[in-house]
Every structure is written in C-alpha cells, then in structure tokens.
Amino acid sequence: MPAQYTIPDLLATWPWPQSKNPLLDEVSQESTAWVKSMNLFEPAQFKKFNSCNFNLLAAFVGPLESKAHLRSACDLMNFYFAFDEYTDMADKNEAMKIADDVMDAFRHRKPEAAIGRSSGCLKITEMARQFFERTLTVVGEDCSGIERFITDFDAYTKSVIQEADDRSGGHIRSIKDYFELRRDTCGAKPSFSFFALGLNIPTHVYEDPVMLSLIENATDLIAITNDMHSYGLEHSRGLDGHNVITAIMHEHHLGFQKALVWLSVYSTATIKKFFSAQERLPSWGTKIDDAVKEYINRVGRCVRGYDSWSYETQRYYGRNGLKIQKHRRITLQPPKLGYLTKQQLQESMTHGISI
C-alpha cells in the first residue's frame, strides 16, 4: 500500500477568506473557447489541460470589478499554465526563444510580434499578444502599472530559462538559492502587478523597500503553497527538482513528511513578516494610500485563492481535492505524462500558427 503523508495548512493564520467571483459562469466558456482556438495542445491533452479549470483559479485570485476584469484574469491564468507546460518541456535555448517572443508580444502588441525575432514558439506568442491587447482595453492608461507588469513578467520569463537550465543539468539548489529563483518562477509578482492595473500606483511606491519586503513575503507564500500542492504531480513527471520540498529534503537530509513540517514553520514566520511590513508602510497621501490598501487586499485575496483553487482543481489531487482539504492525507502519484511532449513542443516552434 502506498505511503500516506499529512499536508499542513500553510495559510492557517492568513486572514483573507476564500472568495469566488460570482461572474465565473458568464466568462468561463468564452475564455475556454479562446484557449482552444490557439491549438496549443492535441485534443486529448487539451481536455486534460481544461480539466484543471484555470478559469476557476482566476475567479479565486482576480479582481472583482467587472466581467471584463474577470475575463482578463481568466486569460492570464490560462496563459501562465500554457507557458509553463511549454517551458517545462524546453531546454535552455528553447526556453529563451519562447521567452523572447512572448516579451516582444507584450512590448509591441502587434500581430507581427507573434512572428518574433527569434522564431520561437509561435502559438504561445500569439496567445500572449491577444491576451495583453484585450487586457489593455479593460484597464485603460496606467503607464506605471503596465511597465511594472512587463518588468515583472520579464523577470519571470528569465527565471524560467534558468529553471530549464537547472532541470537539464539535474541541479538541485540550496533553500536560499531556490527561493531567490522561485520568487520569479512562481509567477506571483507579475500576477500582483497585473491585478494592480488600473489602480495607478506610482513606480516609487512599488519600489519602496517596505513594499518590496511585503510583496516578497506574499510571493513566498504563493511559492510554497504551490510547491506543496504540485509536488506529487511534479514528482510523477520527473520535474520535482525545482520544488522547495526537494530543496529542503536535500539540504537538511529529511524525508518528505518532515520537510512538510519545516515548510509549515516557514509559512507561519513568513505570514508574521508580511504583517510586520504592512504596519511599517509609509503614507503617500490619501489617494495613493487608498490605492495601496486595495492593492494589498488584492494580494491577500490572491494568496488565499491559489490555495483554495489547488483543492478544487483536478490538476493536483484529481477528484479528491476537497476531501484532502479536510483530512489532509495524500499519497504520491505514479509516473504520468504531461499535456505536451518534447516532439510537440519542437513542432510548435517550427511550424506557423493554425488558428
């Protein structure tokens, strides 16, 4: 009988409650149809990808203003995980090509940007261009926010290149080095800056040292929460080298269960540091302070939302997520294939878009 393990509630002291956008049913179908039109995966693989319900994730983590805002959040979450699937199959050079073209699409936002300068992955690039172009019609002119998102997403793509290089070389990082990379590969920072679009928060506020500390703490919470939930999936695909649990086990010579205990202690300390930073934030005047308050609320909602979705999606625990959320017991999964093969990635990088 497979060994059972008990996963901790890493957000037991996190005060933001689970909250799902009630407009999800009105948006989910159109976002799913858009992803399907990109022809990123073979039909059977797309069915598996779609069963993860990334639109539900958007409903848990995205802003609540309008149907259009939710659609943008759905597009972002679908894009994130499609990008992740493609780069997980890529070596360093392939990941660089994909990342360069995606950033071109964000910066230039023209159809010809989908062709890219480096002849990378055309389908995922066109997905990026369409998603961001549609987003800008929703959030309007927020120059500092748009630049912040592009900067954060650029850091994310560069970190994914490094992750691909680590994976190719079988390199396992120390815990400290792992967090330095994972703070970018987890995608939390561009998510936070994306959900801040329209708040018109000035650049100097984003770059305040206390604000940076607060965001780093929230980023760590999303990173470790995702790593805990995704470990079984990554382990089954042979991709668990880039996971904090692997780093903990390797550095401290611990088994899986004791590594989870270490992670729980780290999470509790990180939550305390988040609120310490929040208390030390300076004032920038009533208008900006109100925007910052809303921004922090969105960050808090985002942290909770990633954890909530992890139990409701079939991506990590199949159909057993809500039961596992209650009894906390898991078994590690046997080996399985992902949504994309190496051959399919290379074909996508060679041939044009068919949409």
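This is a predicted model: local features need pLDDT of at least 70, side-chain atom pairs count only at pLDDT 80 or more; totals for chains, interfaces and linings use all residues.
## Cavities in the structure

Two cavities of 30 Å³ or more turn up when the whole structure is searched. The largest cavity holds about 390 Å³ of space, while the second largest cavity has a volume of about 60 Å³.

## The largest cavity

The lining of the largest cavity is made by 21 residues, and F81, D84, R182, N226 and E234 are the ones nearest its centre. Two or more lining residues come from each of α4 (67-88), α7 (143-169), α8 (175-185), α11 (209-237) and α15 (314-317). Helix α11 supplies the largest share, six residues.

By residue type, this lining has nine nonpolar, five polar and seven charged residues.

## The second largest cavity

P63, E65, H69, S72, T135, V139, F194, F195, L197 and R298 line the second largest cavity. Elements α4, α6 and α9 (188-195) each give two or more residues to this lining. Its residues divide into five nonpolar, three polar and two charged.

## Residue E133

E133 belongs to helix α6, which covers residues 122-139. Its relative accessible area is 38%, so E133 counts as partly exposed. Between E133 and H108 there are 9.7 Å in space, C-alpha to C-alpha, and the two are 25 residues apart in sequence.

## Residue S267

S267 sits in helix α13 (residues 256-279). With a relative accessible area of 0%, S267 is buried, because buried means under 20%. Leaving aside residues up to four places away in sequence, S267 touches L10, L221 and I224.

Notes: Residues are numbered from 1 along each chain as its sequence is written. Side-chain values use heavy atoms; hydrogens and water are left out. Helices (H or I, at least four residues) and strands (E, at least two) are DSSP runs, numbered from the N terminus. Buried means under 20% relative accessible area, exposed over 50%, partly exposed in between (1.4 Å probe, protein chains only). Contact means heavy atoms within 4.5 Å. On a 1 Å grid over the protein atoms alone, a cavity is a set of points where a 1.4 Å probe fits but cannot get out, and a pocket is an open set with protein on both sides within 12 Å along at least five of seven lines; lining residues have an atom within 4 Å of a point. Grid points are joined across faces, edges and corners, and a volume is the space filled by probe spheres set on the points. Ala, Val, Leu, Ile, Met, Phe, Trp, Tyr, Cys and Pro count as nonpolar, Asp, Glu, Lys and Arg as charged, and the others, Gly among them, as polar.
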